[in-house]
Structure formats: C-alpha cells, structure tokens
Amino acid sequence: MPVPAPPVDAPTLEYYLDASARSPIALRLVLGYYLRHLRKAAHIDAEPAGKSIRSSEAKISRMERAQVTCKHDDVMDLLTLYGVNDKHVRACFAEIVRISRQPGWWHRFDGVLPDWCGKLIGLQEAASVIRTYEVQLVPGLLQTPAYTEALVHQAYPAAPPEEVKDRLELRALRQNVLIRQDPPRLWAVLDEAVLRRPMGGDLVMREQLRSLISMSRLSHVTIQIAPFNRPGCIAGGFPITHLRFDLPALPDVVYLEQLQDAEYLDKPDETQHYRSVLDGLAQAALSPQESVELLDSIIS
C-alpha cells in the first residue's frame, strides 16, 4: 500500500489559482510541480503511477514537466493514488486542470506564432521579473509599432497585409503586460549594435530610441546599453531571456531563441549560470542614466 502524501494546503492552491489565472501555461507548470511533489511524497515510482491512469511512465514524466495538458480524470485518479482525498483540495486541483487546459489569448494568432513561442508569452504573463539581453534587435516588449512593422517586412517580405496586421496586433497585445495594473519588472540590456542598426530608416529609429528613453522612466523598467568599447559586455552573441516568478512552485526559466526553434531551461544550475551572465552584463554595461545619455546623443 502506498504511503499517503502529506495534506496539500487548499489556501495555497487557491493562491495559485488567483495569481496564475491569466496564464494557463503557468498553472500547467504548477500542476506538474504538485503532481511530482505528491508522487514523491507518497513514495510511488512513475511506472506504477502511469499504470494507475492506464498509461506509461513517460506520460507521468510529461505531465510532471508540463509538456502535455492534463486530463481531469487522470489527475483525480493520481490524487486518489497519492492519498489526497480532501474534497476542497480536489476541487482546487479540478479548477487548476480546467484553467490549464484553456488556450491562452495568443492562440488566435497560431497562424503567425511559432509553436515554441506561445509558452514564452504565457510565462511572461506570470513572471514577476523579466531580464533580457539583446544583441541585434530592440526587445519585443519595447518595440514601437513602426519598428515592429519594419522588422516584419524585412523578416517576411512576401507576407500579405493581413498577416502583417496580425503580427503587429500580436506584438501590441504582448506589450500590455508592461502596462497592466501589476506589471512585471523588466530589466533589459541592449548591445549598442541594436541602437546603430537603422531598422525602418532614420525616422523610425529616432522614434524607437525616444520610446526607449520614455519607457526607461517607468519605475518597473530598467534599460542599460552595453557599449562597443567595454569588453565585459560580450556574452556569446545571442539573446537571453531569464524569467523569475513570485510563485514558489515555479522555478526560474531561461529562454534561448534560435532561428527555427527555442530552448527552455529550468534546471537550477543552468538558470543560475545564465543569471550570472546577465549579472555580469548589467555590471559591465552603462548605468541606466548613462544609457539614456547615449540614447540622447544618438538621436541628436
């Protein structure tokens, strides 16, 4: 007989429901965390857990790593196996499952959204801190509409007008995360090359640089420039995004985007490495005030 898992705290589950309701992906991660926690606490291996839901060890692993959406009946059966019988707790889990199965608002843009990018949007919606390093382009959350449009036309020269419109709308909706009532803190380090690359021409770039100055005045936005003349500002030549969460069940996540796909890292040793890289870049880069002065000098 399995050893019953310690009781799950219903108020904590309700907190996660309230805090993560805007992000089905975040709740999927919370659910996976608790399923693994409860299984380990009950001293049950993944193989018998898989058999209890008429599936496999691999299915349990995918559920616990939030690589699949969980079915209500599977979660209820696993809770029974793990000794979780409190009706209130089970009702909270049922609600977590329900929300985690809902498509995010961004799914209506599936036609223009890469498969790997939806998860990033969901994580940004749930993050308390977003740190990013960009080497070629202004970060998406800070782009002006004209800059985004120029970028879309360059990346997708054959795109029809409706596709361009959808891409612009998607970008604008993603940026709402910074103007909502409880925005995450955004800390962006931009290589100087980002400022010197005239995306869309001089007028578009001047507007974009003025926008960066304006955004940097927000209390929850920090922008630093990594200038050409500081060797400590070199970090491999690729963008890095690091996300932190106020939700204890969610580990830090590092997002690394390549040309045709992206990688999500959540192991502590990996995320800590990239956090250290970002710390080093922030220390080597210009201060926020110096960065504004550089932006001003480029505009003029």
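Two strands are said to pair if DSSP finds at least two bridges between them, a criterion that strand 5 and strand 6 of this predicted model meet with 4 bridges in the antiparallel sense.

**View 1. The chain as a whole, in a predicted model.** The model shown here and in the views that follow is predicted. Its chain comes to 13 helices and 6 strands, and the C-alpha trace spans about 75 × 45 × 35 Å along its principal axes. Of the 300 residues of the chain, 49% count as buried. Among contacts with a separation of 6 or more, 73% are made by residues 24 or more positions apart.

**View 2. Strand 5 and its two partner strands.** A hairpin of 4 residues joins strand 5 to strand 6, and across these two strands, which pair in the antiparallel sense over 4 bridges, L256 has E263 in strand 6 as its bridge partner. Strand 5 (residues 253-257) also pairs with strand 4 (residues 240-244), again in the antiparallel sense, here over 3 bridges. In this second pairing, H242 stands opposite V254 of strand 5.

View 3. The 6 strands form an open sheet in the order 3-2-1-4-5-6, with mixed pairing. Strand 3 (221-226) and strand 6 (262-265) stand at the edges and have a single partner strand each, so one side of each is left without a neighbour in the sheet. From one strand to the next, the twist averages 15°. Helix 7 (residues 117-126) packs on the sheet, where it touches strand 1 (129-134), strand 4, strand 5 and strand 6, and its direction makes about 40° with that of strand 6.

View 4. In soluble globular proteins, nonpolar side chains tend to be buried together. The largest nonpolar core of this model has 83 residues, and those with the most contacts inside it are V75, F93, L142 and L212. Helix 2 (residues 24-41) contributes the largest share of this core, namely 9 residues, while domain 1 (10-101) and domain 2 (111-299) each supply at least three residues to it. When neighbours within four places in sequence are left aside, L212 is in contact with V138, L142, L190, L195, I223 and L295. Another core, of 12 residues, lies apart from the largest one and has V189, V254, L256 and L265 among its members.

View 5. The structure holds 7 aromatic pairs, one of which is formed by Y33 and Y34, an edge-to-face pair at 5.2 Å centre to centre with 85° between the planes. Y33 counts as partly exposed at 37% relative accessibility, whereas Y34, at 10%, counts as buried, and the two assignments follow because buried means under 20% relative accessible area and exposed over 50%, with partly exposed in between. A further pair is made by W105 and F109, whose ring centres are 6.5 Å apart and whose planes stand at 85°, so this pair is edge-to-face as well. W105 is partly exposed, with a relative accessible area of 27%, while F109 is buried, with a relative accessible area of 3%. Y33 and Y34 also belong to one aromatic cluster together with Y15, Y16 and F93, and F93 is one of the residues with the most contacts inside the largest nonpolar core.

Conventions. Residues numbered from 1 in each chain as written. Predicted model: local features only at pLDDT ≥ 70, side-chain atom pairs only at ≥ 80, totals over all residues. Heavy atoms only, no water. Core = buried A, V, L, I, M, F, W, Y, C linked by side-chain atoms within 4.5 Å. Buried < 20%, exposed > 50% of the residue type's maximum accessible area, 1.4 Å probe, protein only. Domains from an automatic or database assignment. Contact = heavy atoms within 4.5 Å. Axes fitted to C-alpha atoms, helices over the stretch in contact; angles between N-to-C directions. Phe/Tyr/Trp six-rings, centres within 6.5 Å; stacked < 30°, edge-to-face > 60°.
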